Amino acid sequence: MNINKNDVFTVRIEDMGSEGEGIGKSEGFTWFIKDAIIGDVVEAKAMKLKKNYGYARLLQVLEPSIHRIEPKCEFHRQCGGCQIQALDYSQQLLFKQNKVSNNLKRIGGFENPNVLPVIGMENPFYYRNKAQFPIRQDKDGSIITGFYAGRSHTVIANTKCYLGIDANETILKKIIRIMEENHISAYNEETGTGLVRHVLIRAGFTTGEIMVCLILNGDKFPCEDKLVENLREVEGMTSISINVNKKNTNVILGDKVRTLWGQDYITDYIGAIKYQISPLSFYQVNPIQTKKLYETALDYAGLSGNETVWDLYCGIGTISLFLAQRAKKVMGVEIVPQAIEDAKNNARINGITNAEFYVGKAEEVLPRKYKEDGEYAEVIVVDPPRKGCDETLLDTIVQMGPKRVVYVSCDSATLARDLRYLCDRGYETVKVQPVDMFGQTVGVESVVLLSRTEGTPRADYN
């Protein structure tokens with residue numbers, strides 16, 4: 001290979017990696033090139049070289065791929081939010097289907113996984129009901145907000161994100177103007193000084209309700225009345241609050257919330273189920289696709305009304321309450337106490353009485369309930385964080401031997417690992433349904449139906 005660091009070369013992009021980077025080969029050497037897409041011929045600059053592969057920076061597209069489109073956002077290359085906005089949406093869906101399938105093959109060892117075409121969006125923009133904007137000062141001292149550049153905490157100044165709601169821009173401009181007029185400081189990560197750290201905006205897509213929460217490195221915003229007066233002008237404004245986070249941490253939200261005006265929460269619906277959402281609540285960011293995701297999970301659960309269902313990593317009970325519509329009893333487990341309080345409240349406001357919720361680690365609660373109390377389930381639903389399920393939990397699922405396991409995953413790599421564990425111990429993967437929750441990004445959710453293989457005995461229980 002005759003290319004050295006900083007050399008400029010030409011290569012055709014033949015594939016795309018799991019993070020959306022273009023992959024091309026030159027003289028048997030593999031190049032990974034961010035912002036290049038499959039089918040492009042590009043000019044690139046060699047940045048980092050390994051033995052058999054290297055990383056290069058895209059300089060220009062010499063021959064655009066037939067799948068390349070003009071991105072909506074001028075900041076799509078700098079911003080870390082959208083990795084594949086230059087890729088035609090139909091190809092984005094194919095990319096995500098292949099990503100799930102390849103991980104199941106490579107990591108899980110499944111030869112021909114039944115990965116169905118991705119359930120896509122009617123409009124892959126303006127779908128996020130939540131956004132957290134860092135507030136900073138630029139080198140000239142001006143207040144800016146936007147999103148972080150890829151793999152950094154450098155803020156790209158931009159109040160118009162095409163993934164969020166239109167009202168975001170109006171709200172951010174109002175807050176920045178108030179800060180500038182009243183000389184209110186922005187947070188400085190390096191020194192830990194400055195007041196306003198982030199602005200959290202949430203919206204109810206069904207109800208039209210909007211929440212704004214300022215995250216402060218202090219207890220009080222200097223002109224709260226003026227803030228409320230200005231934000232109340234925004235149509236749908238329902239809740240305005242302050243969150244206090246004085247810690248030197250990358251965690252955005254602190255524990256303390258003080259409502260300045262309106263309700264402590266906003267409401268929204270997924271299907272027929274109503275949810276109350278506070279600044280601290282976990283709630284899926286794409287409600288339109290979430291409905292499709294949960295309907296798929298409900299369908300895969302195959303409920304007739306006589307089943308006991310465990311919903312592990314249940315959050316505020318979003319999936320649990322969907323399942324409760326058709327199950328005899330649903331038991332949800334979540335480690336975050338506030339989330340369980342939200343789940344119980346959401347069950348109450350929907351008149352759902354056949355759902356119970358437990359605080360604790362799923363890998364501790366389920367084994368205890370099974371071994372000590374003899375609890376059983378015909379169906380188990382898991383929706384773990386990105387790291388997947390704890391092996392202790394998977395082992396308990398195997399021992400309980402439910403007829404069906406529905407696995408909802410946001411990371412197809414850990415999904416593949418966990419499916420392998422279950423399929424080596426009496427289960428088979430029936431089908432995998434990816435759902436596009438995050439258009440323009442490489443993220444993809446999946447719902448998997450696992451069935452206990454015929455003849456596999458279930459551990460005895462009382």
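This is a predicted model: local features need pLDDT of at least 70, side-chain atom pairs count only at pLDDT 80 or more; totals for chains, interfaces and linings use all residues.

Reader: OK, and what's the angle between α7 and α8, and how far apart are their axes?

Author: They pack at about 30 degrees, and the axes are 8 Å apart. Angles under 35 degrees count as roughly parallel, so α7 is roughly parallel to α8.

Reader: Which residues meet there?

Author: From α7 you have A362, E363, L366, P367, Y370 and K371, and they meet T392, L393, T396, I397, Q399 and M400 in α8. By type, the residues of that contact are seven nonpolar, three polar and two charged.

Reader: Which residues of α7 are buried?

Author: A362, E363, V365, L366, P367, K369 and Y370. Their cover includes α8 (391–400), plus the strands β15 (308–312), β16 (329–334), β17 (355–359) and β18 (379–382).

Reader: What happens just after α7?

Author: G374 takes a positive phi there, about 70 degrees.

Reader: Switching topic: how do α2 and α3 cross?

Author: Helix α2 (residues 167–181) and helix α3 (residues 224–231) cross at roughly 155 degrees, and their axes come within 10 Å. That angle makes α2 roughly antiparallel to α3. The crossing is right-handed.

Reader: And which residues make that contact?

Author: I171, K174, I175, R177 and I178 in α2 meet K226, L227, N230 and L231 in α3.

Terms used
Residues are numbered from 1 along each chain as its sequence is written. Side-chain values use heavy atoms; hydrogens and water are left out. Buried means under 20% relative accessible area, exposed over 50%, partly exposed in between (1.4 Å probe, protein chains only). Helices (H or I, at least four residues) and strands (E, at least two) are DSSP runs, numbered from the N terminus. Contact means heavy atoms within 4.5 Å. Axes are lines fitted to C-alpha atoms, for helices over the stretch in contact, and angles run from 0 to 180 degrees between N-to-C directions. Angles under 35 degrees count as roughly parallel, over 145 as roughly antiparallel, 65 to 115 as roughly perpendicular and the rest as oblique. Ala, Val, Leu, Ile, Met, Phe, Trp, Tyr, Cys and Pro count as nonpolar, Asp, Glu, Lys and Arg as charged, and the others, Gly among them, as polar. A crossing is left-handed if the near helix is turned anticlockwise from the far one by less than a right angle, and right-handed if clockwise.
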